[in-house]
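Work through the exercises below with the model open.

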Amino acid sequence: MHRILISACLIGRPVRYDGAGKPLADRRVAGWLAEGRLVPLCPEMLGGLPVPRPPAEIVGGDGGDVLAGRARVVTATGEDVTTVFLAGAVATLDLARREDCGHALLIDRSPSCGSLTIYDGSFSGRRMPGAGVVAALLAASGIAVFADHQLDRLAAAIAAGEGGEPATG
Ligand code: SF4
């Protein structure tokens, strides 16, 4: 059975910076959860950050640039949390490998979990194309990363890997 790493906030766990979750209401996600297929975790908490915490954005690039040492992760209050984000990303990859996750379903726009879009580091609500630190590390390590709005593609990939038809809806 293919296991799927999932942002813990997507199954409603109250792990976001503001203490909220962001549950994804979808019967495929509910089914995977019931099957024990999902491996939920919050990389930022895994790195050691508390709830609540100040929001953070990547300054000077995207998650790949953070991994390469060319960009930093900074909170809205000006604290450099790059080291904590990197630690959370490495711990996430380690867990994904131990739990045999070939796929990841991550919420988009987060400086950790975003995979297609992130905020641009100006704390003004502007977005830019790019991945967060965790998504960049997982993708570079051979794990297929899907954003929360790419569920159809994830379901198709899972079905193809198991020789079946994708579940719809
Ligand atoms: S780091 Fe990922 S799992 Fe944790 S709150 Fe942010 S988006 Fe959700």
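**Exercise 1.** Sort the lining of the largest pocket by residue class.

Solution. The lining holds 20 nonpolar, six polar and nine charged residues; Ala, Val, Leu, Ile, Met, Phe, Trp, Tyr, Cys and Pro count as nonpolar, Asp, Glu, Lys and Arg as charged, and the others, Gly among them, as polar. The model is predicted: local features need pLDDT of at least 70 and side-chain atom pairs pLDDT 80 or more, while totals for chains, interfaces and linings use all residues. Residues are numbered from 1 along each chain, and side-chain values use heavy atoms, without hydrogens and water.

α2 (43-46) and β3 (56-59) each give at least two residues to the lining.

**Exercise 2.** Which space does the ligand take, and which residues are closest to the ligand?

Solution. The ligand takes the space of the largest pocket. Around the ligand are 14 residues, with Cys9, Cys42, Glu44, Ile107 and Cys113 the closest. By class, this shell has eight nonpolar, three polar and three charged residues.

**Exercise 3.** Find the buried residues of helix α1 and say how they are placed around the axis.

Solution. In α1 (residues 27-34), Arg28, Val29 and Trp32 are buried (under 20% relative accessible area; exposed is over 50%, with a 1.4 Å probe and protein chains only). These residues lie on the same side of α1 because their arc around the axis is only 100°. The face turned away from the buried side has the exposed residues Arg27 and Ala34.

Conventions: Helix = DSSP H or I, 4+ residues; strand = E, 2+ residues; numbered from the N terminus. Near = heavy atom within 4 Å. 1 Å grid on protein atoms, 1.4 Å probe; cavity = no way out; pocket = protein on both sides within 12 Å on 5 of 7 lines; lining within 4 Å. Sits in = over half its atoms within 2 Å of the grid points. Arc of directions from axis to C-beta.
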